[in-house]
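Subject: Handover of a structure and the findings from it

Dear colleague,

Please find below the structure that I am passing on to you. The findings follow it, grouped by topic.

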Amino acid sequence: MATTQSAPDAYSQLLAQCREISLLSGTSALLAWDQETLMPKGAGERRAEQLALLASLVHERATAPRLAELLAKSRDDVARDGDPDGERAAVLRELQRDFDRATRLPASLVTELARTESQAQQAWAEARQRSDFAGFRPWLERMVALQQQKADCLAIAGATRWDALADLYEPGMRAADLRRLFGPLRTRLVALRERLADGERPDDTFQRTRIDAERQRGFVREVVAAMGFDFDRGRLDTSAHPFCTSIAGDVRLTTRFHDDNVLDALGSTMHEGGHGLYEQGLPREPFGSPLGEAVSLGIHESQSRLWENHVGRSAAFWQWCWPVAQRHLGAACDGQSAQSVHALSNLVAPSLIRVEADEATYDLHVMVRFELEQGLIGGDLPVAELPQRWNALYRDHLGVEVPDDRRGCLQDVHWSCGLFGYFPTYTLGNLYAAQFAAAADQALGGLAPLLAKGEFAPLREWLRENVHRHGRRYLPAELCQRATGAALSSEPFLAYLERKLFDVYGVA
Ligand code: ZN
């Protein structure tokens with residue numbers, strides 16, 4: 001009697017479905033990358049159609065009833081056969097989360113959100129240009145109401161509406177946890193800002209020196225290659241706003257060059273390079289499994305901020321980097337030194353605009369938005385009162401007066417795109433980065449001597465071993481505990497920042 005080959009089990013079939021979804025998503029990511037880097041303007045309309053079609057194909061597959069059947073069958077199989085290393089259970093947990101997210105919002109709400117986001121974004125862009133909050137207000141009111149509905153569909157037992165939205169970006173993170181982290185952080189950062197005002201401000205001539213873009217490109221490319229970014233599985237190009245995106249098997253970074261301010265190009269490149277190293281460090285097989293995907297935005301941002309700040313703004317790094325800079329940038333480096341450029345890279349200047357903020361004040365911008373979102377989504381803060389409340393918080397946290405709404409509550413695109421619960425992931429990234437850097441420093445017997453010699457591999461491998469290789473296996477809080485031996489705290493970040501900035505500014 002001929003034997004028939006047995007059909008693949010439910011779990012293998014499930015992973016095969018995920019593989020196809022990832023292939024489609026990667027195709028869409030490639031088209032989006034092209035749109036930001038190389039695409040001629042005239043191709044915009046069809047490109048939008050292509051992206052919309054791919055998005056609907058992905059959504060169709062991600063919400064297919066067949067997927068729910070395979071998930072249920074796989075769970076039964078795991079219950080029967082056991083799962084000694086817990087790997088399958090983690091994959092099923094994450095796939096169920098994805099499936100629930102994709103199916104919990106009624107189609108009518110998804111359509112309404114998409115339409116409102118697109119219109120609100122246009123209204124926001126116009127309102128910002130004219131600094132006209134009244135013009136944006138009805139759109140923001142509509143958006144807040146839709147986000148409240150969205151939160152009710154995504155409801156998490158024992159959690160607030162805002163929590164349900166934030167969970168989309170940082171699984172498991174709650175506003176109550178953030179308040180515990182943000183309390184001491186705010187007090188010490190405000191005190192730090194005030195202390196530094198009496199210190200010695202770094203000379204900023206180098207920042208204003210004009211440097212040819214080609215020279216800047218050669219310089220930042222050498223740095224990101226030294227970090228260990230694999231150019232056989234990645235590229236570095238330019239775009240208006242730097243970003244990192246993963247295609248299917250390769251990683252695209254972008255950066256930008258101004259006529260001056262090479263430190264901006266370096267910071268952007270190291271930042272995106274950190275994101276890129278995370279993507280390249282994720283397990284490659286099985287392709288499409290959650291074990292090969294980034295776990296959260298906060299953890300992703302920790303990888304970028306670690307390379308940008310803990311490496312790129314350290315004195316040890318500049319010992320190695322200064323001769324590299326001199327080789328590429330030539331006469332622009334005359335009159336400067338590793339010490340002066342290190343000091344400049346740590347310039348602190350409280351400002352109105354989050355995206356231009358330095359390391360010491362950035363999180364204060366985030367905390368303002370966190371507090372306002374609690375009020376908006378929780379229903380305690382009417383949209384009409386937003387500008388007043390915004391300006392008061394900026395005075396309190398950053399010590400600056402907001403002259404108009406363009407430089408105030410209209411500065412960020414996020415709320416018009418429906419991104420509520422998103423901002424804190426930036427600060428979580430900073431806190432995770434400091435805690436990872438401190439753990440790596442301890443494990444490697446001191447990072448500084450390695451960085452001073454341009455030896456980045458030990459740090460990269462530590463991150464790979466303790467963070468990257470786990471993909472979505474553990475939720476962020478557990479990943480942090482496992483990698484650093486402690487729950488997330490603001491203390492490592494504050495200790496690092498105070499130590500460095502007191503030294504740079506000469507305040508004891
Ligand atoms: Zn980033």
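Phe219 is in contact with Val262, Leu266, Cys321, Val324, Ala325, His328 and Leu329, when residues up to four places away in sequence are not counted. Please note that the model is a predicted one.

Nonpolar cores

Phe219 and Phe317 have the most contacts inside the largest nonpolar core, a set of 128 residues. Helix α16 (residues 424-443) contributes the largest share of this core, namely ten residues. Because domain 1 (10-153) and domain 2 (187-344 + 424-505) both give residues to the core, it lies between them. Another core, of 14 residues, lies apart from it and includes Ala10, Cys18, Leu71 and Phe99.

Domains

The protein chain is divided into domain 1, residues 10-153, and domain 2, which is made up of 187-344 and 424-505. Taken over C-alpha atoms, the centres of domain 1 and domain 2 are 29 Å apart. To the contact between them, domain 1 brings 21 residues and domain 2 brings 21 residues.

The zinc site

Which residues are the protein donors of the zinc ion? They are His271 and His275, each through NE2, and Glu301 through OE, at 2.1 to 2.3 Å from the ion. The spacing of these donor residues in sequence is H-x3-H-x25-E. His275 belongs to helix α10 (residues 262-281) and Glu301 to helix α11 (residues 297-311), so this pair ties together parts that lie 26 residues apart in sequence. Both His275 and Glu301 are buried.

Pocket and cavity

The second largest pocket holds about 480 Å³ of space. Its lining consists of 19 residues, and those nearest its centre are His310, Ser314, Asp441, Tyr496 and Arg499. At least two lining residues of this pocket come from each of α12 (315-329), α16, α17 (448-452) and α20 (491-505). The most is given by α20, which supplies six residues to the lining of the second largest pocket.

How many cavities of 30 Å³ or more does a search of the whole structure find? The search finds one. The largest cavity contains about 60 Å³ of space. Its lining is formed by Trp124, Phe136, Arg369, Trp390, Cys409, Gln411, Asp412, Trp415 and Phe423.

Backbone details

Glu285 and Pro286 are joined by a cis peptide bond, with omega at about -10 degrees. Pro286 is located in the loop between α10 and α11.

Two residues other than glycine may also deserve a look. Ser131 has a positive phi, near 55 degrees, and is found in the loop between α5 (107-130) and α6 (133-154). With a relative accessible area of 24%, Ser131 is partly exposed. Asn261 likewise has a positive phi near 55 degrees, and its place is the loop between β3 (251-255) and α10.

Gln13

Gln13 is part of helix α1 (residues 10-37). Is Gln13 buried or partly exposed? The relative accessible area of Gln13 is 25%, so this residue counts as partly exposed. Its contacts, leaving aside neighbours within four places in sequence, are Pro8, Arg66 and Leu70. From Gln13 to Glu279 there are 266 residues in sequence and 25 Å in space, C-alpha to C-alpha.

Yours sincerely,
Your colleague

Notes
Residues are numbered from 1 along each chain as its sequence is written. This is a predicted model: local features need pLDDT of at least 70, side-chain atom pairs count only at pLDDT 80 or more; totals for chains, interfaces and linings use all residues. Side-chain values use heavy atoms; hydrogens and water are left out. Donors are N, O and S atoms within 2.8 Å of the metal (3.2 Å for Na, K and Ca); water is not among the atoms, so sites may look incomplete. Helices (H or I, at least four residues) and strands (E, at least two) are DSSP runs, numbered from the N terminus. Buried means under 20% relative accessible area, exposed over 50%, partly exposed in between (1.4 Å probe, protein chains only). A nonpolar core is a set of buried Ala, Val, Leu, Ile, Met, Phe, Trp, Tyr and Cys residues joined through side-chain atoms within 4.5 Å. Domain bounds come from an automatic or database domain assignment. Contact means heavy atoms within 4.5 Å. On a 1 Å grid over the protein atoms alone, a cavity is a set of points where a 1.4 Å probe fits but cannot get out, and a pocket is an open set with protein on both sides within 12 Å along at least five of seven lines; lining residues have an atom within 4 Å of a point. Grid points are joined across faces, edges and corners, and a volume is the space filled by probe spheres set on the points.
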